[in-house]
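Please read the points below with the sequence and the model open beside you. They go through the sheet, the hairpin, the helices and a few backbone details in turn.

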Amino acid sequence: MLARTVTHRFTGEQVTFLETAEDTGGQYLLIEVSLPPHSDGPPLHSHLSFTEQFTVISGMLTVRVEKSRKQLSAGQQALLVPGIKHTFTNDHDEPVTFQVQLTPPSQFEQSMRIHYGLMDDDRTNAKGVPKNLFHLALILSLQDTLVTGIPPRLQRMFLNALVWLGNKTKAFAGLENYTGK
């Protein structure tokens, strides 16, 4: 049985899968994120296929949407629609805990389990980036993530080509150990 919580080995961020896609019949994924003080989330990015609803449970969360920043405290929310560039940070001295509902769930849970599993097995660099380019491409593809700064069309073509080649060369063999599938 898979753990409900995964931990980012380098930042201490914890992600708990409260309601998985399997639990919700593929309608959504609900996760709870605990981010230590003065920690960054992912780089500025966007998703094309799902909406994210952030709800702060405790602490203060800084959400960057495009070029604006907003401080959210307990009970406050931010809705991030597909295509909007965003990220989050904890710029404060206390931890922050927040929930994120992803609708539809995409394959976000699988991407997180693979990514954090690779960290646990020393298969990433000291920032948590997979050492294997095929693994990085698969993770980004599973979570439908485009990193800001690279033209989206070029990035999609490159990721699709790497995932295709990774499948052909069996570069993803063994990753199912992280997802249980």
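**Notes on the fold**

The crossing of α1 and α2 is left-handed, a term used when the near helix is turned anticlockwise from the far one by less than a right angle, whereas clockwise would be right-handed.

1. Basis of these notes. This is a predicted model, in which local features need pLDDT of at least 70, side-chain atom pairs count only at pLDDT 80 or more, and totals for chains, interfaces and linings use all residues. Residues are numbered from 1 along each chain as its sequence is written, and side-chain values use heavy atoms, with hydrogens and water left out. Helices (H or I, at least four residues) and strands (E, at least two) are DSSP runs, numbered from the N terminus.

2. Helix α1 covers residues 108–120 and helix α2 covers residues 133–142; their axes are 8 Å apart and the packing angle is about 150°. Axes here are lines fitted to C-alpha atoms, for helices over the stretch in contact, and angles run from 0 to 180 degrees between N-to-C directions. The two helices are therefore roughly antiparallel to each other. For such angles, under 35 degrees counts as roughly parallel, over 145 as roughly antiparallel, 65 to 115 as roughly perpendicular and the rest as oblique.

3. What lies between α1 and α2? On the α1 side the contact is made by Phe-108, Gln-110, Ser-111, Ile-114, His-115 and Leu-118, and on the α2 side by His-135, Leu-138, Ile-139 and Leu-142. Contact means heavy atoms within 4.5 Å. By class, the residues of this contact are 6 nonpolar, 4 polar and no charged. Ala, Val, Leu, Ile, Met, Phe, Trp, Tyr, Cys and Pro count as nonpolar, Asp, Glu, Lys and Arg as charged, and the others, Gly among them, as polar.

4. The axes of α2 and helix α3 (residues 152–168) cross at roughly 120° and come within 9 Å. That makes α2 oblique to α3. This crossing, too, is left-handed. From α2, Leu-133, Phe-134, Ala-137, Leu-138, Leu-140 and Ser-141 take part, and they meet Phe-158, Leu-159, Leu-162, Val-163, Leu-165 and Gly-166 of α3. The contact of α2 with α3 has 10 nonpolar, 2 polar and no charged residues.

5. The open sheet. In what order do the 6 strands of the open sheet run? The order is β1-β2-β3-β11-β6-β9, with antiparallel pairing. Two strands pair if DSSP finds at least two bridges between them. β1 (5–7) and β9 (77–80) are the edge strands, each pairing on one side only. On average, and with direction ignored, neighbouring strands of this sheet are turned by 20° against each other.

6. Pairs within that sheet. β1 and strand β2 (residues 14–19) pair in the antiparallel sense over 3 bridges, and Thr-5 stands opposite Thr-16 in β2. Strand β3 (residues 29–35) is joined by 7 bridges to strand β11 (residues 96–103), again antiparallel; there, Val-33 has Phe-98 of β11 as its bridge partner. Strand β6 (residues 51–58) is also joined to β11 by 7 bridges and runs antiparallel to it, with Gln-53 standing opposite Gln-101 in β11. Helix α1 lies across β1, β2, β3 and β11, at about 150° to β2.

7. Strands β7 (residues 61–65) and β8 (residues 68–72) run antiparallel and are joined by 5 bridges; Val-65 has Ser-68 of β8 as its bridge partner. There are 2 residues between the strands of this hairpin, where Glu-66 takes a positive phi near 55°. β7 also pairs with strand β10 (residues 86–90) in the antiparallel sense, over 4 bridges, and Arg-64 has Thr-87 of β10 as its bridge partner.

8. Two backbone details. Most residues other than glycine have a negative phi, and most peptide bonds are trans. His-38 is not a glycine, but has a positive phi of about 55°; His-38 lies in the loop between β3 and β4 (39–40). The peptide bond from Thr-103 to Pro-104 is cis, with omega near -15°, and Pro-104 lies in the loop between β11 and α1.

9. The annotated stretch. An unreviewed UniProt entry carries the annotation "domain: Cupin type-2" for residues 33–98. UniProt positions are given in the numbering used here, feature names are shortened, and annotations may be inferred rather than shown by experiment. In the model, residues 33–98 are 0% helix and 58% strand, with the end C-alpha atoms 5 Å apart.
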